Protein chains: 2
Amino acid sequence: MAVKDGVGHRQRQAEATKDQIARAARALFAEHGYAATTIAAIAREADIPVQTVYSALGSKARILERITGQWMAESQTVALAEAYLSEPDPREQLRLLAALNRRQLDAGSDVVAIYQEAARAEPRMAETLRQVLAAREREIRKLVEAVVARRRTGPTVDEALDITLTLTLPEVYRTLVVERGWSPSRYETWLAETLAAQLLPWQGGEGPTS
Amino acid sequence: MAVKDGVGHRQRQAEATKDQIARAARALFAEHGYAATTIAAIAREADIPVQTVYSALGSKARILERITGQWMAESQTVALAEAYLSEPDPREQLRLLAALNRRQLDAGSDVVAIYQEAARAEPRMAETLRQVLAAREREIRKLVEAVVARRRTGPTVDEALDITLTLTLPEVYRTLVVERGWSPSRYETWLAETLAAQLLPWQGGEGPTS
């Protein structure tokens, strides 16, 4: 038993070290850019020996993966995605999607910007971003299929998917919330109502009522 | 008269040289980035002596200004902006704004990307981009005031401005036209209808009918 507890403790410590590295790297990536940040600088910022950083996470790409995992955990993506897929009312499904999108961007618009910069600087990261966006598209397609499938009027699944991917863009959030000063909850309401007006026009979808 | 004609000829030649430099620079900026492109490389690409490039346009910032001027001339921005400001019907005004936005982005989404990259690389270009966007905001505010002012229902001028700036973002065009494969005219119709549904809800604005 003592041996097992020792292993558990060491694992928890290893996880804590990885989280500490990821937090330090996230601040440096956001400030100086992914391409310009070295593992040595991350080690200094995290106050952890360079060799430990290498053995814990190995590369900047793996550190960015860890940052992404932290972000997803913070924004409770999985729980919300499960909720919207099992919700029967299409208008309520779109409200849950807007809530998820708002929560993700509240918690991680810095991470989105890090990915975009990394993808411009390194072909390998461009490929990673392409995969992340493809996974996001598959998730949103599932929702959109549930919302618009087997309807006689309104947009097709492909059309609804294109519109949903567009309205949920980080640049839309950035413009309304960061630049124009909307509160995140006002953005969320606008997004839910605009998606409903666009995807469910037969339900008397109207413009924002705010 | 001979002297005057000589002056006219030299002026036309000087303008043609500036256009030639701008065209060469636009291709290089788009391919390698504004920050990474040198005046020497632009001179080589334009097949013009470096010294002539310096005396004609002096700096990369002035070359980018010239590129912007060419872009505005190509997309006939001024004529369309005059048309939408003098149009009495608000729905038609929004249709003209959508047409203008589509034409600008058809003709110059590469120029938008050059500005964004230049602004990330150089603080002076970030300031230039800020001024360009502020001028764009003033233009769109004029239109939005004409469209929504003195109405009892629907969004306020500020709200309508925020929404219009968001829906006309280059990233929205890029997502729908470049990534999702919409034709520019389908984008234009969608933009006009979505703006009408958002800004003129009392007119029975509805989702896209496409």
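**Entry 1: the interface**

I began with the two chains and found that 25 residues of chain A are in contact with 25 residues of chain B, where contact means heavy atoms within 4.5 Å. I note that this is a predicted model, in which local features need pLDDT of at least 70 and side-chain atom pairs count only at pLDDT 80 or more, while totals for chains, interfaces and linings use all residues. Residues are numbered from 1 along each chain as its sequence is written, chains are lettered from A in the order in which they are written, and side-chain values use heavy atoms, with hydrogens and water left out.

I then looked up the buried area, which is the accessible area (1.4 Å probe) that two parts lose on being put together, summed over both. For chain A and chain B it is about 2300 Å², with 53% on carbon and sulfur atoms. Asp162(A), Arg180(A) and Gln198(A) supply 24% of the area that chain A buries against chain B, more than any other three residues.

**Entry 2: charged pairs between the chains**

I counted six salt bridges across the interface of chain A and chain B; a salt bridge is a side-chain nitrogen of Lys or Arg within 4 Å of a carboxyl oxygen of Asp or Glu. Which elements give two or more residues to the side of chain A that touches chain B? They are helix 8, helix 9 and helix 10 of chain A, helices being DSSP runs (H or I, at least four residues) numbered from the N terminus. Helix 8 of chain A gives the largest share, seven residues.

I recorded one salt bridge between Arg186(A) and Glu159(B), with the closest N and O atoms 3.3 Å apart. Arg186(B) and Glu159(A) also meet in a salt bridge (3.3 Å, N to O). Arg186(B) lies in helix 10 of chain B and Glu159(A) in helix 8 of chain A, so this pair joins two chains. Arg186(B) is partly exposed at 30% relative accessibility, whereas Glu159(A) is buried at 9%. Here buried means under 20% relative accessible area, exposed over 50%, and partly exposed in between (1.4 Å probe, protein chains only).

**Entry 3: helix 10 of chain A**

I found that helix 10 of chain A (residues 184-199) has 16 residues and reaches 22 Å from its first C-alpha to its last, close to the 22 Å expected at 1.5 Å a residue. The expected span is 1.5 Å times one less than the number of residues. Twelve of the 16 residues are buried, so helix 10 of chain A is largely enclosed by the rest of the structure. Among the buried residues are Tyr187(A), Trp190(A) and Gln198(A). The buried residues pack against helix 6, helix 7, helix 8 and helix 9 of chain A, together with helix 8 and helix 10 of chain B.

**Entry 4: salt bridges within a chain**

I counted 26 salt bridges over all chains. In one of them, Arg26(A) pairs with Asp110(A), the closest N and O atoms being 2.7 Å apart. Arg26(A) lies in helix 1 of chain A and Asp110(A) in helix 6 of chain A, so the pair ties together parts that are 84 residues apart in sequence. Arg26(A) is buried at 12% relative accessibility, and Asp110(A) is partly exposed at 27%.

In chain A, a network of salt bridges links Glu15(A), Lys18(A), Asp19(A) and Arg66(A).
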